[in-house]
Amino acid sequence: MSGYFDKQEGPRRLRESALPVKTKSGIDWEIISSPNRYKKKYKFKTRQQLLNFISDIMQYEDEVQHHAEITVRYKTVTIVVWTHTLNDITEVDREYVRMANEIYKDNDASIDE
């Protein structure tokens, strides 16, 4: 996985050029250790947009048989994903990250922060 990460203390973040999907703000998926995993918080304008996003994410998860840890708090969804059997990030997780960003974008739910 060399080349994917900037060297820095604390949680690692992907360099913009290495992001699975470039976003308006650039760096958006945090890498957490023990085990290595991706984490991102999505914010929504309305609860209906949140529900649509969750529904689409769960449908995608069922199609690829790869499931994340999803936490819902009011109009915010936090996703944590990694390959549980290996306790690490794999290509399946990178594809999940790409699809989650696309689903969020397709649901027109983005909030400029």
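Leaving aside its neighbours within four places in sequence, which residues is Arg 37 in contact with?

Author: This is a predicted model, in which local features need pLDDT of at least 70 and side-chain atom pairs count only at pLDDT 80 or more, while totals for chains, interfaces and linings use all residues. Residues are numbered from 1 along each chain as its sequence is written, and side-chain values use heavy atoms, with hydrogens and water left out.

Once neighbours within four places in sequence are set aside, Arg 37 is in contact (heavy atoms within 4.5 Å) with Glu 30, Ile 31, Ile 32, Val 80, Val 81, Trp 82 and Ile 89. Arg 37 belongs to strand E3, where helices (H or I, at least four residues) and strands (E, at least two) are DSSP runs numbered from the N terminus. With a relative accessible area of 17%, Arg 37 is buried, a term that means under 20% relative accessible area, as against exposed for over 50% and partly exposed for values in between (1.4 Å probe, protein chains only). One of the residues in contact with Arg 37 is Val 81, which lies 44 residues away in sequence, yet the two C-alpha atoms are 5.7 Å apart in space.

The loop between strand E2 (30–32) and E3 contains Pro 35, and a cis peptide bond, with omega about -5 degrees, joins Ser 34 to Pro 35. Ser 34, in the loop between E2 and E3, also has a positive phi of about 60 degrees although it is not a glycine. Most residues other than glycine have a negative phi, and most peptide bonds are trans. At 69% relative accessibility Ser 34 counts as exposed, whereas Arg 37 is buried. A positive phi, near 50 degrees, is found again at Tyr 74, which lies in the loop between strand E4 (69–73) and E5 and is exposed at 59% relative accessibility.

Strand E4 itself holds Thr 71, which is partly exposed, with a relative accessible area of 34%. Not counting residues up to four places away in sequence, Thr 71 touches Thr 76, Val 77 and Thr 78, and its C-alpha atom is separated by 9.2 Å from that of Lys 41, 30 residues away along the chain.

Beyond four places in sequence, the contacts of Ile 79 include Trp 29, Tyr 38, Tyr 42, Phe 53, Ile 57, Ile 70 and Tyr 96, together with Lys 39 and Lys 40.

Helix H1 (residues 47–64) and helix H2 (residues 91–106) have axes that come within 10 Å and cross at roughly 150 degrees, the axes being lines fitted to C-alpha atoms over the stretch in contact, with angles from 0 to 180 degrees between N-to-C directions. H1 is therefore roughly antiparallel to H2, since angles over 145 degrees count as roughly antiparallel, under 35 as roughly parallel, 65 to 115 as roughly perpendicular and the rest as oblique. The contact is made by Phe 53, Asp 56, Ile 57, Tyr 60 and Glu 61 of H1 and by Glu 95, Tyr 96, Met 99, Ala 100, Ile 103 and Tyr 104 of H2. Of these, Tyr 104 is buried, with a relative accessible area of 12%, and its C-alpha atom is 8.0 Å from that of Tyr 42, 62 residues apart in sequence.

As for the whole protein chain, it has 2 helices and 5 strands, which follow the pattern β-β-β-α-β-β-α along the sequence. Of its 113 residues, 42% count as buried, and residues 24 or more positions apart account for 57% of the contacts with a separation of 6 or more.
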